[in-house]
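Here are my notes on the model you sent.

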Amino acid sequence: MDRSVLIVRLGALGDLVHALPAVAALRNAWPESRIDWLVDARYRALLDLVPIVDRVIVLGSPETSLAGLVRSLRRERYDTAIDLQGLIKS
């Protein structure tokens with residue numbers, strides 16, 4: 001079964017690095033799944049280097065408003081969303 005998973009971990013740099021093993025475990029458990037990661041624009045370059053992530057979704061990009069981003073995420077209809085941020089912001 002193909003799953004779609006949204007990881008929410010916006011920043012900081014060290015926290016993103018510490019979240020990578022959890023995402024790697026998801027990829028290992030569900031190799032056929034699509035894994036997208038919502039991240040703050042400042043850290044996109046790091047996640048662009050991570051091959052276990054299928055798509056990096058950027059919060060705060062100049063071309064997308066917050067309302068547009070929320071609409072886009074809702075349209076995706078993810079099977080699972082994992083909030084590794086744990087803050088009201090995420």
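How many salt bridges does a search of the whole structure find? The total is 8. Keep in mind that this is a predicted model.

1. **Arg27 and Asp54.** These two side chains meet in a salt bridge, with N to O at 2.7 Å. The pair links distant parts of the chain, 27 residues apart. Arg27 sits in helix 1, residues 13–29. Asp54 lies in the loop between helix 2 (44–48) and strand 3 (55–59). The two ends differ in cover. Arg27 counts as buried because its relative accessibility is 15%, under the 20% cut-off. Asp54, at 46%, counts as partly exposed.

2. **Asp40 and Arg42.** Here the closest N and O atoms are 2.9 Å apart, and the two residues form a salt bridge. Asp40 is buried, at 12% relative accessible area. Arg42 is exposed, at 62% relative accessibility. The cut-off for exposed is over 50%, so Arg42 with its 62% falls in that class.

3. **Arg55 and Glu76.** A salt bridge joins these side chains at 3.5 Å, N to O. This pair also links distant parts of the chain: Arg55 is in strand 3 and Glu76 in helix 3 (residues 66–76), 21 residues apart. Arg55 counts as partly exposed at 33% relative accessibility. Glu76 counts as partly exposed too, at 29%.

4. **Ser4.** This residue has its place in strand 1, residues 4–8. Is Ser4 buried or exposed? Ser4 is buried, because its relative accessible area is 7% and the limit for buried is under 20%. Which residues does Ser4 contact, leaving aside neighbours within four places in sequence? The list is Arg34, Arg77, Tyr78, Asp79 and Thr80.

5. **Fold order.** The protein chain has 3 helices and 4 strands. Along the sequence they follow the pattern β-α-β-α-β-α-β. The radius of gyration is 12 Å, close to the 12 Å that the globule rule gives for 90 residues, so the chain is as compact as a globular protein of that length. Along its principal axes, the C-alpha trace spans about 35 × 30 × 25 Å.

6. **Contacts and burial.** Take the contacts between residues at least 6 apart in sequence: 58% of them join residues at least 24 apart. Buried residues make up 38% of the 90 in the chain.

7. **Surface and charge.** The accessible surface of the protein chain comes to about 5500 Å². Carbon and sulfur atoms account for 57% of that surface. How many positive and negative side chains does the protein chain have? There are 12 positive and 11 negative ones. The centres of the two sets lie 5 Å apart.

Conventions. Residues are numbered from 1 along each chain as its sequence is written. This is a predicted model: local features need pLDDT of at least 70, side-chain atom pairs count only at pLDDT 80 or more; totals for chains, interfaces and linings use all residues. Side-chain values use heavy atoms; hydrogens and water are left out. Helices (H or I, at least four residues) and strands (E, at least two) are DSSP runs, numbered from the N terminus. The radius of gyration is taken over C-alpha atoms; the globule rule is 2.2 Å times the number of residues to the power 0.38. Buried means under 20% relative accessible area, exposed over 50%, partly exposed in between (1.4 Å probe, protein chains only). Contact means heavy atoms within 4.5 Å. Accessible areas come from the Shrake-Rupley method with a 1.4 Å probe; for residues, only the protein chains shown count as cover. Lys and Arg count as positive and Asp and Glu as negative; His and the chain ends are not counted. The place of a charge is taken as NZ of Lys, CZ of Arg, CG of Asp or CD of Glu. A salt bridge is a side-chain nitrogen of Lys or Arg within 4 Å of a carboxyl oxygen of Asp or Glu.
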